[in-house]
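Here's a quick briefing to read with the structure open beside you. Have a look around first, then come back for the details.

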Amino acid sequence: MTEQVAIGIAGVGKIARDQHLPAIAGHSGFKLIAGASRNARIDGVHNYQNVEDMLAAEPLLQAVSLCAPPQVRFSQARAALEAGKHVMLEKPPGASVTEVSVLAALAQQNHCTLFASWHSRHAPGVDVARAWLAGKTITAVNVLWKEDVRRWHPGQEWIWQPGGLGVFDPGINALSIITRILPHAFFLKSAELFVPANRHNPIAANLDFSDALGTPIRAEFDWRFGPQELWQIEVTTRDGILHLAQGGKFLKIDGEVQDIGGEREYPSLYDRFFELISTGSSDVDVSPLQHVADAMLLGSRHEVEKFED
Ligand code: NAP
C-alpha cells in the first residue's frame, strides 16, 4: 500500500492537540480528513459531533484514531470497526480488559487493523533496554512513577470516575514499559491503594509483583508529587544496573549514559499503525491493563485526605 490513509480523530482534547495532530501532519502515510468531538473543532477538515456521524458522512475515511477518555473507547471503536475502518486506541485501550478482546475479535471479523497503542513503549530507551536485558539474570526491579496530578490532569473529572484509572492512568505507562523490557512474565502478589475520601480511584498505589523465579518487582505510583516528576525504572541484574529515567528518554547501563537518540513517541506510534495497516495485521497487548485490573482485585484500599482540584 503506497497511497495515503485517510484518517479521522475522535476526542479532540489535550493529547489529540499535543501529540496526535502534529504526528499525523508530519507523517507521509496519513492524511487527516475529519474530526469527531462534541465541543472542539480541527481547522481545515470536516468536523462532526460524534464518531457515528463522522462514519456516516465520510465514505472515504479508512482509519480512526480514538483519543477520548477510556470510558467511551469501546463504543467508538465498535462503531468504527463495524464500518470497516482501521482503529488506533490511545492508552489504556479500554475501561475493562475483556472489552478489548471483544474489539480484537471484531477487528478480525471485519478484516480491519486494531492497534492498542502504548506510547511509552516508543520512548527511545525502551528497545535498547529490552535488548540489553534479554538473557540477563535479574535480581530486583524498582519503579517510581510520581507526578503532580494538578499539573498533568487539571480539571479532568474522568480520571476519578470508574474506568478512569486514577493514578494508574500514568502508572500504566510504567507497566507498559516493564511488560516490554523484562524478559519474563510477572504477576501481582499484593497492592496498597490510597484513595481520597471523596473519590472513586486511587491517588497513589504501591504494587509488589514477582516473576516465576521469585524476582521482586516493586512499583510506587503517586500523584501527590512535584513540582518535578519522577518517572524511572531501575533493573538490577548480575551484570550491572539498568536505569531508565524521564519516562524512557534517558538510559544508563552499569553507570554509563547511553546514546539513545531523541524522543519521537507519537511519530513512531503512527509509523507502527501504518505498518500494521499495510500488512493487514493488528497489535493488541492488554497486559499493562491486566496488571491494573489485578491491582484493583487484590489491592487493599486505604482512605486518604480528600482531593479537591
Ligand atoms: P481530555 O483532554 O480530558 O479528553 C479528550 C477529549 O475527549 C475531550 O476534550 C472531549 O472532547 C472528549 N471527551 C471527554 N469525555 C468524553 C465523553 N464522555 N464522551 C465523548 N468524548 C469525550 O483527555 P486527554 O488528556 O486528552 O486524554 C485522553 C486519553 O489520552 C486518555 O486515555 C489518556 O490516558 C490518554 N493520554 C493522555 C496524555 C496526556 O498527557 N494528557 C498522554 C498520553 C495519553 P469534546 O468535549 O470536544 O468531545
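Predicted model: local features only at pLDDT ≥ 70, side-chain atom pairs only at ≥ 80, totals over all residues.

**Helix α8**
- It covers residues 265-278, and its 14 residues reach 20 Å from first C-alpha to last, close to the 20 Å expected.
- Its buried residues are E265, Y266, S268, L269, Y270, F273, F274, L276 and I277.
- Just past the end of α8, G280 takes a positive phi of about 65 degrees.

**T113**
- T113 sits in the loop between α4 and β6, and is buried at 1% relative accessible area.
- Its contacts beyond four places in sequence include F273, L276, I277 and G280.
- A polar side-chain atom of T113 lies 2.9 Å from the backbone oxygen of S281.

**Salt bridges**
- The structure holds 13 salt bridges.
- R272 pairs with E275 at 3.2 Å, N to O; the two are three residues apart in α8, so about one helical turn separates them.
- R264 bridges to D271, with the closest N and O atoms 3.3 Å apart.
- R218 and D208 form another, at 2.9 Å; R218 is in strand β10 and D208 in strand β9, so the pair ties together parts ten residues apart in sequence.
- K146, D208, R218 and E220 are linked in a salt-bridge network.

Terms used:
Residues numbered from 1 in each chain as written. Heavy atoms only, no water. Helix = DSSP H or I, 4+ residues; strand = E, 2+ residues; numbered from the N terminus. Expected span 1.5 Å × (residues − 1). Buried < 20%, exposed > 50% of the residue type's maximum accessible area, 1.4 Å probe, protein only. Polar contact = N/O pair within 3.5 Å; in protein donor to acceptor, adjacent residues only side chain to side chain. Contact = heavy atoms within 4.5 Å. Salt bridge = Lys/Arg side-chain N within 4 Å of Asp/Glu carboxyl O.
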